[in-house]
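Subject: Structure for you to look at

Hello,

Here is the structure I said I would pass on. Please open it and keep it in view while you read the notes below.

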Amino acid sequence: MRRLTGDAESLMQPSNRSVDLVRELYQQGTSYVFAKRPEAIAEEFGFTEVARLASNENPFGPSPQALQEAQKALVSMHRYPDTTYTALISALQEYHGDYSFVTGVGMDGVIETCIRVLINPGDQVTISTPTFSFYGLAATAQGGVISNVLRNADFSIDIPSFISSARNAKISFLCTPNNPSGTVTPLSDIEEILQNIQGILFLDNAYVEFSSEDYRQLMNRYKNLIIGRTMSKVFGLAGCRVGYAFVPDWFKPMYEKAATPFTLNTISASAAVGALQDHEYIEQTISYVKKWRDAFTHEKVKPVFTSGANFVMIDVAPLTGDQATDFFAQNGVLVRSCRSFPGLADHYIRVCVGEEWENIRFLEVFRKI
Ligand SMILES: *Cc1c(COP(=O)(O)O)cnc(C)c1O
């Protein structure tokens with residue numbers, strides 16, 4: 001590839017291929033894989049409504065209190081947001097207790113900023129795989145070098161291997177309940193890891209509300225733990241893009257220096273305050289999801305993995321994940337093929353709990369697979 005000379009004039013020559021300006025990573029590298037759009041499937045196979053079970057969203061619609069707070073905030077959208085997001089931080093402290101919090105544009109935004117705080121080009125980042133792909137994408141973007149540590153065959157963490165890799169990493173990522181397998185890592189395993197590494201452990205708890213594990217107490221005992229959370233799943237605000245994390249006190253001012261100014265918008269931050277206060281909506285979602293998750297898990301058509309999240313992973317062998325996903329799509333159900341998850345074999349799908357009719361349609365099609 002031609003090298004740029006830094007001579008401004010040569011950059012202006014029409015013969016230059018502008019795309020050469022782009023980092024090779026983005027000319028060639030991989031990107032985040034999104035679920036197929038339901039509209040596309042509906043059109044292709046003639047359904048008026050498609051069961052949307054591919055993106056782990058909350059099927060109840062937004063919480064009424066979240067809607068109300070967002071509407072109230074609309075009248076001040078000509079003003080920049082409160083830089084410290086005081087109302088949101090207070091709502092988080094009311095919900096969780098007196099911890100230090102940082103916020104971001106989804107947990108994805110929080111992950112990206114944490115990596116920006118810590119990683120210089122060449123620094124190691126350890127990731128427990130197969131898992132959510134964004135840790136690797138964000139770390140690579142910052143010049144980090146990824147060390148993937150494979151989970152055991154049952155998707156539990158290989159603790160000695162994880163520790164030995166994480167010892168050389170500035171930050172390590174572990175997702176529990178894990179996306180896509182649903183696996184919950186016991187608190188004692190997390191504690192063993194924390195006791196044996198110097199770097200930061202980023203514990204992704206996007207789905208923790210649907211499990212019976214609670215890792216928050218660890219924040220009081222370890223200065224190298226960050227717990228990432230999101231408003232996109234149980235709180236029903238995926239479209240608002242609000243994430244946050246429990247951080248050690250020392251980390252918060254560093255995070256704030258590295259963060260893009262005004263990341264969260266006023267409307268989303270206000271919706272999040274309403275959602276955190278709507279305990280009825282949260283409890284209703286959790287008990288509904290657990291009921292249907294049990295129903296999915298007991299359907300023994302194919303092996304369904306025990307999950308602590310609002311989805312289950314299913315082994316569809318001898319079909320591939322893509323073949324099974326096509327079969328479901330032809331029958332009006334959108335599920336997620338797990339092919340794009342690094343480190344996972346190609347015969348898995350992920351299905352989340354949706355509305356009643358969606359779950360029923362899923363089970364009917366599942367029995368025909
Ligand atoms: C959904 C999800 C997130 C974050 O989602 P945001 O919408 O960016 O808050 C983070 N980690 C995992 C494992 C997820 O599934």
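Predicted model: local features only at pLDDT ≥ 70, side-chain atom pairs only at ≥ 80, totals over all residues.

The ligand

There are 13 residues around the ligand, and those that come nearest are Met107, Asp204, Tyr207, Thr230 and Lys233. Helix H6 gives the most to this shell, with three residues. For Tyr207, a polar side-chain atom is 2.5 Å from a ligand oxygen. For Met107, a polar backbone atom is 2.6 Å from a ligand oxygen. For Asn179, a polar side-chain atom is 2.9 Å from a ligand oxygen. On its own the ligand has 380 Å² of accessible area, and the protein covers 93% of that.

Salt bridges

A search of the whole structure gives 10 salt bridges.

One joins the side chains of Asp108 and Arg241, with N to O at 3.9 Å. Asp108 belongs to helix H6 (residues 106–118) and Arg241 to the loop between S7 and strand S8 (242–246), so this pair ties together parts that are 133 residues apart in sequence. Asp108 counts as partly exposed because its relative accessibility is 23%. Arg241 is also partly exposed, because its relative accessible area is 31%.

Another pairs Arg229 with Glu209, where the closest N and O atoms are 3.3 Å apart. Arg229 sits in strand S7 and Glu209 in the loop between S6 and S7, so the pair links distant parts of the chain, 20 residues apart. Are these two residues buried or exposed? Both Arg229 and Glu209 are buried.

A further salt bridge is formed by Arg216 and Asp214, with the closest N and O atoms 2.8 Å apart. Asp214 is partly exposed, at 33% relative accessibility.

Helix H9

Helix H9 covers residues 187–196, and its buried residues are Leu187, Asp189, Ile190, Glu191, Ile193 and Leu194.

A surface patch

Val19, Leu21, Val22 and Tyr26 make a nonpolar surface patch of about 350 Å². Tyr26 is part of helix H2 (residues 24–28). With a relative accessibility of 48%, Tyr26 counts as partly exposed.

Regards

Terms used
Residues numbered from 1 in each chain as written. Heavy atoms only, no water. Buried < 20%, exposed > 50% of the residue type's maximum accessible area, 1.4 Å probe, protein only. Helix = DSSP H or I, 4+ residues; strand = E, 2+ residues; numbered from the N terminus. Salt bridge = Lys/Arg side-chain N within 4 Å of Asp/Glu carboxyl O. Patch = residues over 30% accessible without salt bridge, like charges linked within 9 Å, V, L, I, M, F, W, Y side chains within 5 Å. Areas by Shrake-Rupley, 256 points an atom, 1.4 Å probe, with all protein chains shown as cover. Near = heavy atom within 4 Å. Polar contact = N/O pair within 3.5 Å; in protein donor to acceptor, adjacent residues only side chain to side chain.
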